[in-house]
Amino acid sequence: MQEVDISTYTIPTDAPEGDGTLQWDTTTLIVCRIHAAGKIGFGYSYGNRATGSIADHLATQCLLHRSALDIPALHTSMVEQVRNDGSRGICSMAISALDTALWDLKAKLVGASLLDLLGAAQNSVAAYGSGGFTTYSTQQLTAQLSGWIAEGMKSVKMKVGADPSANLQRVRVAREAIGSKADLFMDANGAFNAKQAIAFAARCEEFNVTWFEEPVSSDDLNGLRMVRDRGPSGMEIAAGEYGYDSFYFQRMLASHAVDVLQLDATRCKGITGFLQGAAVASSFGCPLSAHCAPSLHMHVGCVIPGFRHVEYFHDHVRIEEMLFDGFIRPEGGELTPDRSRPGLGLAFKDRDAERFLTWRNR
């Protein structure tokens, strides 16, 4: 590998966004491009722009002038390099962007899509619409959720937890917006304690909520299990998006804390980490769902037998559609990778992104 270009872009949201515990009005995209043998591997993550600086350090120390094909050795080298800095959090997101770029590059070097390089278990994956931010008005919530159903999606997810007095009414509005047949998911982002979450889950049973994500902090494994054990039988408990390695996923599943494990390749050390997490989930017989970054997860999701679905997250969809040539929208609620395009099938639109640039390494 001769060169690694890294840049960060901070993109304003199209409206104020918030969940059960946080509000934001920008999202930062970290882009890594690795050059080797006339090809360019593309990888990305979402996070603090400091992630780009860590990725630059890792590229210099672990990737340059080494074979792009030796991904296991390169991945191990990056993990070892951040030992004293902490291998999770920002360091893990930096590794994620670089690891994904390595896999994209390898697929391009052999002239295959990432899906064909890894080997398909299925040709497409289900997508569910995700947004329903706590900062949205009733009108915004209704328009967004009903819009996804009109586009053919079978499931949608909303945020809850920021305003206890408004939570139940917002769930009622969401159910009315999507009709009786679609699946309604909700995500508290850890806003409740276990007793609060159990009580709220019971009140939502009449609206047939089938998925409750992070009802309590994902670090509170006992609390997650309590909600799972005492909540409505038809409501699955999901978490895992803040997992950075297979040790985290093993602890979560050994605690019987969730019905569905969420993995995020932009956080859990890229494609390599995602596949490791999938192996852990398989050993427990636990289904998988991918968190956000749909342009990335549609490929690796197609590799996993029995994979549940990809989160078609409004914020990331907007950024990826705006800045990624090759962006694919779902059809009939399904995301289907373009296997005629090498790697992830994506090219970054530098000119369109230039106005959002906040840092680059060269």
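In this predicted model, ring pairs join Tyr 9, Phe 42, Tyr 44, Tyr 46, Phe 324 and Phe 348 into a cluster. Across the whole structure, a search finds 17 aromatic pairs. One of them, formed by Tyr 44 and Phe 324, is edge-to-face, with 4.9 Å centre to centre and 70° between the planes. This pair links distant parts of the chain: Tyr 44 belongs to strand S3 (residues 39-46) and Phe 324 to strand S12 (residues 324-325), 280 residues apart. Tyr 44 has a relative accessible area of 0% and is therefore buried. Phe 324 also counts as buried, because its relative accessibility is 1%, under the 20% cut-off.

Phe 185 and Trp 211 form a stacked pair, at 4.9 Å centre to centre and 20° between the planes. Here too the pair links distant parts of the chain, with Phe 185 in strand S6 (residues 183-187) and Trp 211 in strand S7 (residues 209-213), 26 residues apart. Phe 185 is buried at 4% relative accessibility, and Trp 211 is buried at 0%.

The two pairs are set out below.

| Pair | Geometry | Centre to centre | Angle between planes |
|---|---|---|---|
| Tyr 44 and Phe 324 | edge-to-face | 4.9 Å | 70° |
| Phe 185 and Trp 211 | stacked | 4.9 Å | 20° |

The structure holds 1 cavity of 30 Å³ or more, and the largest cavity contains about 30 Å³ of space. Its lining consists of Ser 295, Met 298, His 299, Gly 326, Phe 327, Ile 328, Leu 344 and Leu 346. Of the residues in this lining, 5 are nonpolar, 3 are polar and none is charged.

Conventions:
Residues numbered from 1 in each chain as written. Predicted model: local features only at pLDDT ≥ 70, side-chain atom pairs only at ≥ 80, totals over all residues. Heavy atoms only, no water. 1 Å grid on protein atoms, 1.4 Å probe; cavity = no way out; pocket = protein on both sides within 12 Å on 5 of 7 lines; lining within 4 Å. Points joined across faces, edges and corners; volume = space filled by probe spheres on them. Nonpolar A, V, L, I, M, F, W, Y, C, P; charged D, E, K, R; others polar. Phe/Tyr/Trp six-rings, centres within 6.5 Å; stacked < 30°, edge-to-face > 60°. Helix = DSSP H or I, 4+ residues; strand = E, 2+ residues; numbered from the N terminus. Buried < 20%, exposed > 50% of the residue type's maximum accessible area, 1.4 Å probe, protein only.
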